[in-house]
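Thanks, everyone. I will keep this short: the whole chain to begin with, then a single residue.

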Amino acid sequence: MKIAITGGTGFVGKELIRLLIARGDEVYILTRKAKDSSQRSITYVKWLAEDAKPENQLEGIDAFINLAGASINDGRWSEEQKKLIYSSRMDATNELLRIIHKLEKKPKVLVNASAVGIYPPSQTVTYTEASAELGSDFLAQTVRDWEILAHRAEEDGLRVACGRFGIILGKNGGALPLMALPYKMFAGGTVGSGKQWLSWIHIKDVARALIFALDNDQLTGAFNVTAPHPKQMKDFGKEIAHTLGRPHWIPVPSLAMKAVLGDKSQLVLEGQRVLPIVLEQHGFQFKFPNLRSALADIYK
């Protein structure tokens with residue numbers, strides 16, 4: 001397949017491209033800076049620039065995967081940063097829709113990133129793709145609007161699937177390095193109440209799930225990209241401690257997290273118990289369904 005990817009140089013994009021190349025696909029990476037590739041199976045396509053005409057290089061593309069957007073893990077959530085998180089997703093997706101509309105031969109599918117932050121925080125509710133209740137905070141509204149915009153590709157005949165990412169675990173990106181750092185310094189412990197849920201997933205399973213959605217013609221709409229066994233924060237911390245051979249003993253109060261991170265503290269102080277029902281119903285097999293095996297692979 002010929003697959004075009006936005007956000008291909010990010011944490012998820014790099015792992016996704018590695019798997020696509022390994023199975024023989026041709027990958028077109030949309031980037032703000034034009035450059036040549038050292039790999040025959042990768043082509044860089046300039047976009048989101050005044051002199052860019054990406055549609056001229058993308059005729060014949062079979063699928064788009066949209067991961068573009070400023071990271072929610074970078075810096076405090078100032079009002080300026082919130083605007084960047086929101087606008088970067090909307091602007092990139094609008095440009096993607098314009099490109100799709102310009103193409104004479106339309107691709108078959110758009111797989112678009114999203115997040116479990118679309119669901120309201122809760123310590124008691126379990127959310128699936130069928131859950132009607134959606135959140136109203138900044139992150140929930142951002143991903144809700146992002147999904148609505150992505151679904152406009154259906155007007156050009158594309159199948160659209162939106163992968164709602166949980167907390168993605170990997171050694172060199174995402175939230176895990178910061179979460180593991182106190183344990184490496186022998187100062188790890190429960191963050192906040194410890195009762196908040198973390199719907200986590202290994203980075204390798206994220207990439208595999210995106211490819212699964214790409215290939216499965218019956219998978220449409222939202223699908224939760226989380227492992228089938230979420231953990232509460234206190235248990236999550238204990239698993240990190242076990243894997244690293246460190247103590248789990250110094251608690252981190254909620255007030256301290258809010259003082260350091262501001263609104264962004266909701267990522268670790270609040271959470272949702274989210275299950276990947278759609279992926280499982282379509283036959284997806286997780287490589288790392290359990291947290292202990294996932295952490296063991298990351299820190300092996």
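Accessible areas here come from the Shrake-Rupley method with a 1.4 Å probe. On that basis the protein has an accessible surface of about 14000 Å², and carbon and sulfur atoms contribute 51% of it. Please keep in mind that this is a predicted model.

Now the overall fold. The protein contains 10 helices and 14 strands. Its radius of gyration is 19 Å, close to the 19 Å given by the globule rule for 300 residues, so the protein is as compact as a globular protein of that length. The C-alpha trace spans about 60 × 40 × 35 Å along its principal axes. Of the 300 residues, 53% are buried. Among contacts with a separation of 6 or more, 77% are between residues 24 or more positions apart.

On charge, there are 38 positive and 32 negative side chains. The centres of these two sets are 7 Å apart.

Where does Ser-122 sit? It is in the loop that runs between strand S5, residues 109–115, and strand S6, residues 126–127. Is Ser-122 buried or exposed? Its relative accessible area is 13%, and buried means under 20%, so Ser-122 counts as buried.

As for its surroundings, the Ser-122 side chain reaches the backbone nitrogen of Thr-124 at 3.1 Å. Leaving out residues up to four places away in sequence, Ser-122 touches Tyr-127, Trp-197, Gly-271 and Gln-272.

To recap, Ser-122 is a loop residue that is buried, with its side chain reaching the backbone of Thr-124. That is the end of my part.

Terms used. Residues are numbered from 1 along each chain as its sequence is written. This is a predicted model: local features need pLDDT of at least 70, side-chain atom pairs count only at pLDDT 80 or more; totals for chains, interfaces and linings use all residues. Side-chain values use heavy atoms; hydrogens and water are left out. Helices (H or I, at least four residues) and strands (E, at least two) are DSSP runs, numbered from the N terminus. Buried means under 20% relative accessible area, exposed over 50%, partly exposed in between (1.4 Å probe, protein chains only). A polar contact is a pair of N or O atoms within 3.5 Å; within protein, one must be able to donate a hydrogen and the other to accept it, and residues adjacent in sequence count only if both atoms are side-chain atoms. Contact means heavy atoms within 4.5 Å. The radius of gyration is taken over C-alpha atoms; the globule rule is 2.2 Å times the number of residues to the power 0.38. Lys and Arg count as positive and Asp and Glu as negative; His and the chain ends are not counted. The place of a charge is taken as NZ of Lys, CZ of Arg, CG of Asp or CD of Glu.
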